[in-house]
Number of protein chains: 2
Amino acid sequence: MHIFYLPEAAEGAVMLSEEESKHAVRVLRLVAGDQVHVTDGKGNFYKAVLGDAHPKRTVLMLGKPLPGNDRWPFYLHLALAPTKNLDRMEWFVEKATEIGVDEISFFHSAHSERRSINLERISKICVSAMKQSLKSRLPKLNEIVDYEQFIAKSFAGQRFIAWIDDGVQTEIQQLYQPGADCVILIGPEGDFNKTEVEAARKLGFEAVSLGQARLRTETAALVSVQTIQLLNRLK
Amino acid sequence: MHIFYLPEAAEGAVMLSEEESKHAVRVLRLVAGDQVHVTDGKGNFYKAVLGDAHPKRTVLMLGKPLPGNDRWPFYLHLALAPTKNLDRMEWFVEKATEIGVDEISFFHSAHSERRSINLERISKICVSAMKQSLKSRLPKLNEIVDYEQFIAKSFAGQRFIAWIDDGVQTEIQQLYQPGADCVILIGPEGDFNKTEVEAARKLGFEAVSLGQARLRTETAALVSVQTIQLLNRLK
(Lines give C-alpha, C1' and ligand atoms only; values in the text may rest on other atoms or scores of the structure.)
Protein backbone atom coordinates (compact mmCIF):
# COMPACT_ATOMS: atom_id res chain seq x y z
CA MET A 1 0.00 0.00 0.00
CA HIS A 2 1.46 3.35 -1.05
CA ILE A 3 1.59 6.23 1.42
CA PHE A 4 1.48 9.85 0.32
CA TYR A 5 2.48 12.75 2.52
CA LEU A 6 0.05 15.65 2.22
CA PRO A 7 0.56 18.27 4.95
CA GLU A 8 -2.76 19.92 4.01
CA ALA A 9 -4.76 16.67 3.92
CA ALA A 10 -8.47 16.86 4.85
CA GLU A 11 -11.53 14.75 4.14
CA GLY A 12 -12.70 15.13 0.54
CA ALA A 13 -10.93 15.73 -2.78
CA VAL A 14 -7.24 16.74 -2.69
CA MET A 15 -4.95 17.33 -5.63
CA LEU A 16 -1.37 16.00 -5.54
CA SER A 17 1.51 18.32 -6.46
CA GLU A 18 2.89 18.02 -9.99
CA GLU A 19 5.87 16.03 -8.68
CA GLU A 20 3.75 13.63 -6.64
CA SER A 21 1.25 13.25 -9.50
CA LYS A 22 4.03 12.26 -11.85
CA HIS A 23 5.38 9.80 -9.28
CA ALA A 24 1.93 8.28 -8.73
CA VAL A 25 1.12 7.83 -12.41
CA ARG A 26 4.50 7.28 -14.09
CA VAL A 27 6.43 5.44 -11.37
CA LEU A 28 3.83 3.72 -9.21
CA ARG A 29 1.56 3.32 -12.27
CA LEU A 30 -1.54 3.95 -10.21
CA VAL A 31 -4.88 4.21 -12.02
CA ALA A 32 -8.28 5.67 -11.12
CA GLY A 33 -9.94 3.61 -8.39
CA ASP A 34 -6.65 2.46 -6.77
CA GLN A 35 -6.54 2.67 -3.00
CA VAL A 36 -3.69 4.46 -1.24
CA HIS A 37 -2.94 5.87 2.21
CA VAL A 38 -2.25 9.47 3.07
CA THR A 39 -0.61 10.97 6.15
CA ASP A 40 -0.71 14.64 7.06
CA GLY A 41 2.46 14.34 9.19
CA LYS A 42 0.47 15.82 12.07
CA GLY A 43 -0.86 12.61 13.58
CA ASN A 44 -3.47 11.45 11.06
CA PHE A 45 -3.79 8.86 8.35
CA TYR A 46 -6.47 8.86 5.65
CA LYS A 47 -7.65 6.07 3.39
CA ALA A 48 -7.87 7.46 -0.10
CA VAL A 49 -8.96 6.48 -3.61
CA LEU A 50 -7.46 7.82 -6.81
CA GLY A 51 -10.02 9.89 -8.68
CA ASP A 52 -8.27 11.10 -11.79
CA ALA A 53 -4.82 9.58 -12.49
CA HIS A 54 -3.42 12.62 -14.30
CA PRO A 55 0.40 12.84 -14.63
CA LYS A 56 0.35 16.46 -13.47
CA ARG A 57 -2.88 16.80 -11.49
CA THR A 58 -3.80 13.52 -9.80
CA VAL A 59 -6.81 13.82 -7.53
CA LEU A 60 -7.28 11.72 -4.37
CA MET A 61 -10.58 11.29 -2.56
CA LEU A 62 -9.77 11.16 1.16
CA GLY A 63 -11.90 9.53 3.84
CA LYS A 64 -12.11 10.61 7.49
CA PRO A 65 -8.89 11.29 9.45
CA LEU A 66 -7.74 8.24 11.44
CA PRO A 67 -5.34 9.02 14.30
CA GLY A 68 -1.99 7.16 14.05
CA ASN A 69 -0.76 5.09 17.01
CA ASP A 70 2.62 6.84 17.03
CA ARG A 71 1.85 9.35 19.73
CA TRP A 72 3.72 9.52 23.02
CA PRO A 73 2.91 11.62 26.09
CA PHE A 74 6.14 13.65 26.09
CA TYR A 75 8.00 15.94 23.72
CA LEU A 76 11.50 14.88 22.68
CA HIS A 77 13.74 17.52 21.15
CA LEU A 78 17.30 16.64 20.03
CA ALA A 79 19.73 19.42 19.20
CA LEU A 80 23.15 18.71 17.77
CA ALA A 81 26.20 20.16 16.09
CA PRO A 82 26.24 18.69 12.56
CA THR A 83 29.05 16.25 11.82
CA LYS A 84 31.66 17.01 9.17
CA ASN A 85 30.37 14.09 7.14
CA LEU A 86 26.76 14.88 6.20
CA ASP A 87 25.90 11.21 5.66
CA ARG A 88 26.12 10.74 9.39
CA MET A 89 23.57 13.51 9.99
CA GLU A 90 21.22 12.12 7.38
CA TRP A 91 21.56 8.72 8.92
CA PHE A 92 20.72 10.12 12.36
CA VAL A 93 17.64 11.90 11.05
CA GLU A 94 16.39 8.73 9.35
CA LYS A 95 16.90 6.54 12.41
CA ALA A 96 15.57 9.07 14.92
CA THR A 97 12.42 9.44 12.81
CA GLU A 98 11.95 5.66 12.78
CA ILE A 99 12.45 5.34 16.54
CA GLY A 100 10.50 8.48 17.41
CA VAL A 101 11.49 12.11 17.96
CA ASP A 102 9.43 15.31 17.94
CA GLU A 103 11.92 17.97 16.96
CA ILE A 104 15.51 18.12 15.65
CA SER A 105 17.64 21.26 15.78
CA PHE A 106 21.17 22.02 14.62
CA PHE A 107 23.64 24.52 16.03
CA HIS A 108 27.11 25.92 15.38
CA SER A 109 29.42 25.14 18.24
CA ALA A 110 33.03 26.18 18.97
CA HIS A 111 34.46 22.88 17.74
CA SER A 112 32.01 22.42 14.84
CA GLU A 113 33.75 21.55 11.59
CA ARG A 114 30.59 22.05 9.55
CA ARG A 115 28.75 25.36 9.44
CA SER A 116 25.81 24.52 7.20
CA ILE A 117 23.28 21.78 6.54
CA ASN A 118 20.98 21.10 3.61
CA LEU A 119 17.64 21.22 5.38
CA GLU A 120 15.68 20.44 2.22
CA ARG A 121 17.57 17.18 1.73
CA ILE A 122 17.28 16.26 5.40
CA SER A 123 13.58 17.04 5.27
CA LYS A 124 13.10 14.60 2.37
CA ILE A 125 14.87 11.86 4.34
CA CYS A 126 12.60 12.62 7.26
CA VAL A 127 9.45 12.27 5.13
CA SER A 128 10.72 9.05 3.63
CA ALA A 129 11.53 7.57 7.06
CA MET A 130 8.10 8.63 8.37
CA LYS A 131 6.37 6.82 5.50
CA GLN A 132 8.63 3.79 5.69
CA SER A 133 8.06 3.34 9.42
CA LEU A 134 4.30 3.91 9.02
CA LYS A 135 4.28 6.98 11.21
CA SER A 136 1.67 9.72 11.04
CA ARG A 137 3.85 12.45 12.52
CA LEU A 138 6.73 14.26 10.88
CA PRO A 139 9.43 15.56 13.24
CA LYS A 140 9.92 19.31 13.15
CA LEU A 141 13.30 20.28 11.66
CA ASN A 142 14.95 23.61 12.39
CA GLU A 143 17.54 25.62 10.49
CA ILE A 144 21.00 25.78 12.02
CA VAL A 145 21.63 28.63 14.47
CA ASP A 146 24.46 29.68 16.79
CA TYR A 147 24.83 27.63 19.95
CA GLU A 148 24.30 30.65 22.25
CA GLN A 149 21.15 31.58 20.36
CA PHE A 150 19.82 28.04 20.60
CA ILE A 151 20.31 27.49 24.32
CA ALA A 152 18.74 30.86 25.13
CA LYS A 153 15.38 29.74 23.68
CA SER A 154 12.61 28.71 26.04
CA PHE A 155 12.01 24.98 26.39
CA ALA A 156 9.33 23.11 28.29
CA GLY A 157 10.44 20.33 30.64
CA GLN A 158 13.94 19.02 31.34
CA ARG A 159 17.14 20.22 29.69
CA PHE A 160 20.24 18.10 29.27
CA ILE A 161 23.67 18.62 27.79
CA ALA A 162 25.57 15.41 27.03
CA TRP A 163 29.21 15.93 27.88
CA ILE A 164 32.15 13.53 27.99
CA ASP A 165 34.07 14.62 31.06
CA ASP A 166 35.43 12.79 34.07
CA GLY A 167 33.51 15.20 36.29
CA VAL A 168 30.20 14.12 34.73
CA GLN A 169 29.26 10.73 36.18
CA THR A 170 25.50 11.16 36.28
CA GLU A 171 23.84 9.27 33.46
CA ILE A 172 20.74 10.66 31.77
CA GLN A 173 18.49 7.86 33.04
CA GLN A 174 19.24 8.95 36.62
CA LEU A 175 17.78 12.42 36.02
CA TYR A 176 15.13 12.04 33.34
CA GLN A 177 11.63 11.72 34.71
CA PRO A 178 9.42 9.58 32.45
CA GLY A 179 6.58 11.60 31.00
CA ALA A 180 8.60 14.82 31.01
CA ASP A 181 9.27 16.85 27.87
CA CYS A 182 12.97 17.26 27.27
CA VAL A 183 15.62 18.82 25.09
CA ILE A 184 19.04 17.18 24.78
CA LEU A 185 22.17 18.89 23.42
CA ILE A 186 24.79 16.76 21.65
CA GLY A 187 28.19 18.26 20.88
CA PRO A 188 30.36 18.17 17.76
CA GLU A 189 33.20 15.70 17.05
CA GLY A 190 35.52 17.69 19.33
CA ASP A 191 32.78 17.93 21.99
CA PHE A 192 31.60 21.12 23.72
CA ASN A 193 34.17 23.34 25.35
CA LYS A 194 33.92 24.29 29.04
CA THR A 195 32.56 27.76 28.30
CA GLU A 196 29.68 26.26 26.33
CA VAL A 197 28.87 23.76 29.06
CA GLU A 198 28.92 26.52 31.70
CA ALA A 199 26.65 28.73 29.57
CA ALA A 200 24.13 25.88 29.25
CA ARG A 201 24.33 25.11 32.98
CA LYS A 202 23.50 28.71 33.81
CA LEU A 203 20.37 28.36 31.68
CA GLY A 204 19.22 25.26 33.54
CA PHE A 205 20.75 22.49 31.43
CA GLU A 206 22.03 19.52 33.44
CA ALA A 207 25.29 17.91 32.27
CA VAL A 208 24.83 14.16 31.79
CA SER A 209 26.76 11.18 30.55
CA LEU A 210 25.29 8.69 28.08
CA GLY A 211 27.30 5.83 29.61
CA GLN A 212 30.93 4.71 29.58
CA ALA A 213 31.24 4.33 25.82
CA ARG A 214 32.79 7.19 23.86
CA LEU A 215 30.20 7.68 21.15
CA ARG A 216 30.35 9.60 17.90
CA THR A 217 28.04 12.63 17.65
CA GLU A 218 25.35 10.87 15.63
CA THR A 219 25.53 7.73 17.77
CA ALA A 220 25.19 9.77 20.97
CA ALA A 221 22.17 11.56 19.51
CA LEU A 222 20.51 8.29 18.51
CA VAL A 223 21.30 6.62 21.83
CA SER A 224 19.58 9.58 23.53
CA VAL A 225 16.44 9.10 21.45
CA GLN A 226 16.18 5.39 22.21
CA THR A 227 17.01 5.98 25.89
CA ILE A 228 14.17 8.50 26.36
CA GLN A 229 11.73 6.33 24.41
CA LEU A 230 12.64 3.24 26.43
CA LEU A 231 12.57 5.01 29.82
CA ASN A 232 9.03 6.12 29.00
CA ARG A 233 7.97 2.58 28.12
CA LEU A 234 9.34 1.23 31.43
CA LYS A 235 6.96 3.41 33.48
CA MET B 1 47.27 9.34 20.57
CA HIS B 2 47.28 6.58 17.95
CA ILE B 3 45.82 3.19 18.77
CA PHE B 4 47.05 0.02 17.11
CA TYR B 5 45.14 -3.24 17.15
CA LEU B 6 47.41 -6.20 17.83
CA PRO B 7 45.45 -9.36 18.64
CA GLU B 8 48.67 -11.07 19.80
CA ALA B 9 49.84 -8.17 21.99
CA ALA B 10 51.91 -9.01 25.08
CA GLU B 11 54.40 -7.14 27.25
CA GLY B 12 57.72 -6.68 25.47
CA ALA B 13 58.76 -6.17 21.84
CA VAL B 14 56.13 -6.76 19.14
CA MET B 15 56.54 -6.30 15.39
CA LEU B 16 53.74 -4.62 13.40
CA SER B 17 52.52 -6.27 10.19
CA GLU B 18 53.90 -4.91 6.92
CA GLU B 19 50.63 -3.02 6.32
CA GLU B 20 50.54 -1.49 9.81
CA SER B 21 54.27 -0.66 9.67
CA LYS B 22 53.74 1.23 6.43
CA HIS B 23 50.75 3.05 7.94
CA ALA B 24 52.72 3.97 11.07
CA VAL B 25 55.77 5.29 9.22
CA ARG B 26 54.40 6.63 5.92
CA VAL B 27 50.94 7.90 6.96
CA LEU B 28 51.19 8.68 10.67
CA ARG B 29 54.89 9.63 10.24
CA LEU B 30 55.79 8.12 13.59
CA VAL B 31 59.45 7.97 14.55
CA ALA B 32 61.47 5.97 17.07
CA GLY B 33 60.58 7.01 20.61
CA ASP B 34 56.99 8.08 19.80
CA GLN B 35 54.36 6.88 22.25
CA VAL B 36 51.27 5.01 21.03
CA HIS B 37 48.55 2.83 22.48
CA VAL B 38 47.83 -0.77 21.61
CA THR B 39 44.71 -2.85 22.20
CA ASP B 40 44.55 -6.62 21.91
CA GLY B 41 40.78 -6.53 21.29
CA LYS B 42 40.41 -8.95 24.21
CA GLY B 43 40.02 -6.43 27.01
CA ASN B 44 43.49 -4.94 27.38
CA PHE B 45 45.30 -1.77 26.45
CA TYR B 46 49.09 -1.35 26.43
CA LYS B 47 51.18 1.80 26.45
CA ALA B 48 53.87 1.37 23.83
CA VAL B 49 56.93 3.12 22.44
CA LEU B 50 58.16 2.85 18.86
CA GLY B 51 61.50 1.07 18.78
CA ASP B 52 62.49 0.93 15.15
CA ALA B 53 60.33 2.98 12.71
CA HIS B 54 60.85 0.68 9.72
CA PRO B 55 58.32 1.01 6.85
CA LYS B 56 57.93 -2.79 6.69
CA ARG B 57 58.97 -4.01 10.14
CA THR B 58 58.15 -1.42 12.79
CA VAL B 59 58.81 -2.64 16.32
CA LEU B 60 56.78 -1.52 19.35
CA MET B 61 57.89 -1.95 22.97
CA LEU B 62 54.76 -2.74 24.98
CA GLY B 63 54.30 -2.11 28.70
CA LYS B 64 52.09 -4.14 31.06
CA PRO B 65 48.51 -4.96 30.01
CA LEU B 66 45.99 -2.44 31.42
CA PRO B 67 42.39 -3.71 31.53
CA GLY B 68 39.94 -1.50 29.59
CA ASN B 69 36.81 -0.18 31.33
CA ASP B 70 34.53 -1.46 28.57
CA ARG B 71 33.52 -4.68 30.26
CA TRP B 72 29.95 -5.54 31.19
CA PRO B 73 28.70 -8.46 33.24
CA PHE B 74 26.58 -10.08 30.51
CA TYR B 75 27.09 -11.40 27.00
CA LEU B 76 25.13 -9.73 24.20
CA HIS B 77 24.84 -11.58 20.91
CA LEU B 78 22.93 -10.04 17.99
CA ALA B 79 22.03 -12.20 15.01
CA LEU B 80 20.45 -10.76 11.91
CA ALA B 81 19.54 -11.37 8.30
CA PRO B 82 21.73 -9.00 6.25
CA THR B 83 19.92 -6.16 4.50
CA LYS B 84 19.91 -5.88 0.70
CA ASN B 85 21.91 -2.67 1.02
CA LEU B 86 25.25 -3.56 2.61
CA ASP B 87 25.84 0.01 3.81
CA ARG B 88 23.10 -0.56 6.34
CA MET B 89 24.86 -3.63 7.73
CA GLU B 90 28.18 -1.84 7.94
CA TRP B 91 26.50 1.03 9.68
CA PHE B 92 24.94 -1.34 12.20
CA VAL B 93 28.27 -3.04 12.92
CA GLU B 94 29.97 0.32 13.48
CA LYS B 95 27.28 1.64 15.80
CA ALA B 96 26.81 -1.61 17.72
CA THR B 97 30.57 -1.75 18.33
CA GLU B 98 30.53 1.82 19.66
CA ILE B 99 27.56 1.17 21.96
CA GLY B 100 28.73 -2.29 23.02
CA VAL B 101 28.03 -5.78 21.73
CA ASP B 102 29.92 -9.07 22.26
CA GLU B 103 29.05 -11.07 19.16
CA ILE B 104 27.35 -10.46 15.80
CA SER B 105 26.07 -13.27 13.59
CA PHE B 106 24.39 -13.29 10.21
CA PHE B 107 21.90 -15.80 8.80
CA HIS B 108 19.98 -16.58 5.61
CA SER B 109 16.28 -16.36 6.20
CA ALA B 110 13.27 -17.15 3.98
CA HIS B 111 12.71 -13.50 3.05
CA SER B 112 16.41 -12.54 2.85
CA GLU B 113 17.25 -10.63 -0.30
CA ARG B 114 20.98 -10.90 0.32
CA ARG B 115 22.77 -14.25 0.59
CA SER B 116 26.32 -13.15 1.30
CA ILE B 117 28.31 -10.65 3.31
CA ASN B 118 31.89 -9.45 3.05
CA LEU B 119 33.13 -10.41 6.51
CA GLU B 120 36.61 -9.03 5.89
CA ARG B 121 35.22 -5.57 5.16
CA ILE B 122 32.83 -5.72 8.11
CA SER B 123 35.68 -6.84 10.33
CA LYS B 124 37.74 -3.77 9.36
CA ILE B 125 34.81 -1.50 10.23
CA CYS B 126 34.55 -3.26 13.57
CA VAL B 127 38.26 -2.71 14.34
CA SER B 128 38.01 0.93 13.33
CA ALA B 129 34.92 1.50 15.53
CA MET B 130 36.62 -0.24 18.45
CA LYS B 131 39.63 2.08 18.18
CA GLN B 132 37.54 5.19 17.59
CA SER B 133 35.37 4.54 20.65
CA LEU B 134 38.44 3.69 22.77
CA LYS B 135 37.29 0.15 23.43
CA SER B 136 39.59 -2.72 24.36
CA ARG B 137 37.33 -5.48 23.14
CA LEU B 138 36.55 -6.45 19.57
CA PRO B 139 33.12 -8.02 18.99
CA LYS B 140 33.24 -11.54 17.57
CA LEU B 141 31.91 -11.69 14.00
CA ASN B 142 30.57 -14.89 12.47
CA GLU B 143 30.22 -16.01 8.86
CA ILE B 144 26.67 -16.19 7.52
CA VAL B 145 24.86 -19.53 7.98
CA ASP B 146 21.35 -20.84 7.35
CA TYR B 147 18.72 -19.70 9.82
CA GLU B 148 17.87 -23.26 10.91
CA GLN B 149 21.53 -23.99 11.52
CA PHE B 150 21.95 -20.81 13.54
CA ILE B 151 19.00 -21.24 15.91
CA ALA B 152 19.97 -24.87 16.60
CA LYS B 153 23.27 -23.77 18.20
CA SER B 154 23.54 -23.73 21.96
CA PHE B 155 23.34 -20.32 23.62
CA ALA B 156 23.79 -19.35 27.27
CA GLY B 157 21.08 -17.21 28.88
CA GLN B 158 17.92 -15.77 27.35
CA ARG B 159 16.88 -16.09 23.71
CA PHE B 160 14.67 -13.62 21.88
CA ILE B 161 13.25 -13.35 18.40
CA ALA B 162 12.03 -9.84 17.47
CA TRP B 163 8.88 -10.16 15.43
CA ILE B 164 6.41 -7.58 14.16
CA ASP B 165 3.05 -9.26 14.68
CA ASP B 166 -0.21 -8.18 16.27
CA GLY B 167 -0.02 -11.31 18.43
CA VAL B 168 3.31 -10.20 19.91
CA GLN B 169 2.61 -7.45 22.47
CA THR B 170 5.33 -8.31 24.98
CA GLU B 171 8.25 -5.93 24.70
CA ILE B 172 11.80 -7.13 25.26
CA GLN B 173 12.25 -5.05 28.44
CA GLN B 174 9.39 -6.98 30.06
CA LEU B 175 11.23 -10.30 29.70
CA TYR B 176 14.94 -9.48 29.76
CA GLN B 177 16.53 -9.95 33.18
CA PRO B 178 19.42 -7.53 33.71
CA GLY B 179 22.69 -9.38 34.08
CA ALA B 180 21.57 -12.25 31.86
CA ASP B 181 23.45 -13.26 28.73
CA CYS B 182 21.21 -13.09 25.69
CA VAL B 183 20.94 -13.69 21.98
CA ILE B 184 18.48 -11.66 19.90
CA LEU B 185 17.33 -12.58 16.38
CA ILE B 186 16.41 -9.77 13.97
CA GLY B 187 14.63 -10.64 10.72
CA PRO B 188 15.16 -9.44 7.14
CA GLU B 189 13.33 -6.59 5.40
CA GLY B 190 10.30 -8.85 4.84
CA ASP B 191 10.51 -10.11 8.45
CA PHE B 192 10.53 -13.74 9.57
CA ASN B 193 7.81 -16.04 8.31
CA LYS B 194 5.59 -17.95 10.74
CA THR B 195 7.46 -21.22 10.22
CA GLU B 196 10.72 -19.56 11.24
CA VAL B 197 9.17 -18.01 14.33
CA GLU B 198 7.65 -21.36 15.32
CA ALA B 199 10.98 -23.15 14.83
CA ALA B 200 12.70 -20.62 17.09
CA ARG B 201 9.95 -20.85 19.71
CA LYS B 202 10.37 -24.63 19.86
CA LEU B 203 14.05 -24.06 20.64
CA GLY B 204 13.28 -21.72 23.52
CA PHE B 205 13.31 -18.33 21.80
CA GLU B 206 10.69 -15.91 23.12
CA ALA B 207 8.94 -13.70 20.55
CA VAL B 208 9.19 -10.05 21.55
CA SER B 209 8.31 -6.64 20.21
CA LEU B 210 10.77 -3.75 20.20
CA GLY B 211 7.95 -1.23 20.64
CA GLN B 212 5.23 0.25 18.47
CA ALA B 213 7.51 1.67 15.81
CA ARG B 214 8.05 -0.34 12.64
CA LEU B 215 11.83 -0.35 12.42
CA ARG B 216 14.14 -1.30 9.58
CA THR B 217 16.32 -4.37 10.16
CA GLU B 218 19.45 -2.44 11.09
CA THR B 219 17.52 0.01 13.28
CA ALA B 220 15.82 -2.86 15.14
CA ALA B 221 19.20 -4.50 15.70
CA LEU B 222 20.72 -1.29 17.04
CA VAL B 223 17.71 -0.50 19.22
CA SER B 224 18.13 -4.00 20.73
CA VAL B 225 21.77 -3.32 21.59
CA GLN B 226 21.03 0.00 23.28
CA THR B 227 17.98 -1.47 25.07
CA ILE B 228 19.99 -4.31 26.63
CA GLN B 229 22.86 -1.99 27.56
CA LEU B 230 20.48 0.52 29.16
CA LEU B 231 18.43 -2.10 31.03
CA ASN B 232 21.67 -3.31 32.58
CA ARG B 233 22.64 0.19 33.66
CA LEU B 234 19.25 0.73 35.34
CA LYS B 235 19.83 -2.17 37.76
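**Loops, a helix and an interface**

Visitor: Which backbone nitrogen does the side chain of N118(A) reach?
Guide: The distance is 3.2 Å, which falls under polar contact (a pair of N or O atoms within 3.5 Å; within protein, one must be able to donate a hydrogen and the other to accept it, and residues adjacent in sequence count only if both atoms are side-chain atoms). Keep in mind that this is a predicted model, where local features need pLDDT of at least 70, side-chain atom pairs count only at pLDDT 80 or more, and totals for chains, interfaces and linings use all residues, while side-chain values use heavy atoms, without hydrogens and water. Residues are numbered from 1 along each chain as its sequence is written, with chains lettered from A and ligands numbered from 1 in the order in which they are written. The backbone nitrogen that N118(A) reaches belongs to E120(A).

Visitor: Is N118(A) buried or exposed, or partly exposed?
Guide: N118(A) sits in the loop between β8 (103–108) and α3 (119–132) of chain A; helices (H or I, at least four residues) and strands (E, at least two) are DSSP runs, numbered from the N terminus. Buried means under 20% relative accessible area, exposed over 50%, partly exposed in between (1.4 Å probe, protein chains only). At 37%, N118(A) therefore counts as partly exposed.

Visitor: How far apart are the C-alpha atoms of F205(B) and R159(B)?
Guide: F205(B) lies in the loop between α6 (194–202) and β13 (206–208) of chain B, and at 2% relative accessible area F205(B) is buried. Beyond its neighbours within four places in sequence, F205(B) is in contact (heavy atoms within 4.5 Å) with residues including F155(B), R159(B) and V183(B). Although F205(B) and R159(B) are 46 residues apart along the chain, their C-alpha atoms are separated by 4.6 Å.

Visitor: Which side chain does E103(B) join in a polar contact of 2.6 Å?
Guide: E103(B) is in strand β8 of chain B, and with a relative accessible area of 10% E103(B) is buried. The side chain of E103(B) makes a polar contact of 2.7 Å with that of N142(B). The partner at 2.6 Å is Y75(B).

Visitor: What are the end C-alpha atoms of helix α3 of chain B apart, in Å?
Guide: The expected span of a helix is 1.5 Å times one less than its number of residues. With 14 residues (119–132), α3(B) should therefore span 20 Å. Its buried residues, among them I122(B), C126(B) and M130(B), pack against β1 (3–5), β3 (35–39), α2, β8 (103–108) and β9 (140–141) of chain B. The end C-alpha atoms agree with the expectation, at 20 Å.

Visitor: How much area do chain B and chain A bury between them?
Guide: Buried area is the accessible area (1.4 Å probe) that two parts lose on being put together, summed over both. The contact takes 30 residues from chain B and 30 residues from chain A. R214(B), L230(B) and R233(B) supply 20% of the area that chain B buries against chain A, more than any other three residues. With 51% of it on carbon and sulfur atoms, the total is about 2,700 Å².

Visitor: How many salt bridges does the rule find across the interface of chain B and chain A?
Guide: The rule takes a side-chain nitrogen of Lys or Arg within 4 Å of a carboxyl oxygen of Asp or Glu. K95(A) and E218(B) form one, with their closest N and O atoms 2.6 Å apart. Across the interface of chain B and chain A, the number of salt bridges is 10.
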